[in-house]
Each structure stands twice: as C-alpha cells, then as structure tokens.
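Subject: Structure for your review

Hello,

Here is the structure I said I would pass on. My notes on what turned up in it follow below.

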Amino acid sequence: MYLVAKITSFCASKGFLRLETYTNSTEFLFSIEKVYIDFFGKMKSFIIEDVAQKGKFLCLKLKGFQTEREISVFLGKEVFLDIAERNKLSSEVLFVQDII
C-alpha cells in the first residue's frame, strides 16, 4: 500500500473530507475508483464518489457517506492506494515512500 494522504477535517461541501496529501501530484485522485483506509489494523476499501479542489485544499467524497456524523469516523485516518493502482500511474507521480 502507498500512503496518499491524511484526512484532516471536513470540507465545506456536504460529505466531503479535506486531505493533506503526501504526493507531488494529486491529479491521479480524480481518476482512481477506490482508496483504502486502515480501521483497527484492517485495510478497508472505499469507493470514491467525487474529488474536488477547494482553493488550495483537495477534498474527497466517499460513496455512501453524507453527513458530518457519518464521515467523522474518518478524521485523522490515513488514505492509501494499492500497489496495482500505483503501478498504473506515471513514474513522475511520487509518494513519500518513494523519496525516503
């Protein structure tokens, strides 16, 4: 798994989560279908419903989650991409673990 971002807060739009990204490019997030989030030591997959650029922030909406109460379980969680999806991306997209 590749670390992509950390969920830091809610975005202004309903059901969106604000991301702190750990890549040199975020364009790929607009084209992938799912991400993984660790819950109690198990990676769970979530379908991406929408991605939006809100000023300097990137916001992510996961399918099936609408209210602040529903999405509050994601606050502080890290977002991952699986290796197969990573291999489909341009070699110019770098992740923190590529640099370290």
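To start with the covalent link: cysteine 11 and cysteine 59 are joined by a disulfide, with an S to S distance of 1.7 Å. Please bear in mind throughout that this is a predicted model. The disulfide count comes to 1. The torsion about the S-S bond of cysteine 11 and cysteine 59 is about -75 degrees, so this disulfide is left-handed. Cysteine 11 sits in the loop between strand S1 (2–10) and strand S2 (16–21), while cysteine 59 belongs to strand S5 (residues 57–62), so the pair ties together parts that are 48 residues apart in sequence.

Setting aside neighbours within four places in sequence, cysteine 11 is in contact with Phe16, Leu17, Arg18 and Cys59. The C-alpha atom of cysteine 11 is also 8.8 Å from that of leucine 58, which lies 47 residues away along the chain.

Strand S5 also holds lysine 61. Is lysine 61 buried or exposed? Its relative accessible area is 5%, and because the cut-off for buried is under 20%, lysine 61 counts as buried. The side chain of lysine 61 makes a polar contact with the side chain of glutamine 66, at 3.4 Å. Apart from neighbours within four places in sequence, the residues in contact with lysine 61 are Lys14, Gly15, Phe16, Ile47, Ile48, Glu49, Asp50 and Gln66.

Next, the aromatic residues. A search of the whole structure gives 5 aromatic pairs. In one of them, phenylalanine 39 and phenylalanine 74 have ring centres 5.7 Å apart and planes at 75 degrees, so the pair is edge-to-face. Phenylalanine 39 is part of strand S3 (residues 34–39), and phenylalanine 74 is in the loop between helix H1 (68–71) and strand S6 (78–81), so the pair ties together parts that are 35 residues apart in sequence. Phenylalanine 39 counts as buried at 15% relative accessibility, and phenylalanine 74 counts as buried at 1%.

Phenylalanine 74 also pairs with phenylalanine 46: the ring centres are 5.2 Å apart and the planes are at 85 degrees, so this pair is edge-to-face. Phenylalanine 46 lies in strand S4 (residues 42–54) and phenylalanine 74 in the loop between H1 and S6, so here the parts tied together are 28 residues apart in sequence. Phenylalanine 46 is buried, as is phenylalanine 74. One aromatic cluster is formed by Phe39, Phe46, Phe65 and Phe74.

Two lysines lie over ring faces. Lysine 54 is over the face of phenylalanine 16, at 5.6 Å from the ring centre. Lysine 77 is over the face of phenylalanine 40, at 5.6 Å from the ring centre.

Last, the confidence values. The protein chain has a mean pLDDT of 83, and 82% of its residues reach 70 or more. Among the elements of the chain, S3 has the highest mean pLDDT (93) and helix H3 (residues 96–99) the lowest (58). Where pLDDT is low, the predicted coordinates should not be read in detail.

Regards

Note on methods. Residues numbered from 1 in each chain as written. Predicted model: local features only at pLDDT ≥ 70, side-chain atom pairs only at ≥ 80, totals over all residues. Heavy atoms only, no water. Phe/Tyr/Trp six-rings, centres within 6.5 Å; stacked < 30°, edge-to-face > 60°. Helix = DSSP H or I, 4+ residues; strand = E, 2+ residues; numbered from the N terminus. Buried < 20%, exposed > 50% of the residue type's maximum accessible area, 1.4 Å probe, protein only. Lys NZ or Arg CZ within 6 Å of the ring centre and 35° of its normal. Disulfide = S-S within 2.5 Å. pLDDT = per-residue confidence, 0-100. Contact = heavy atoms within 4.5 Å. Polar contact = N/O pair within 3.5 Å; in protein donor to acceptor, adjacent residues only side chain to side chain.
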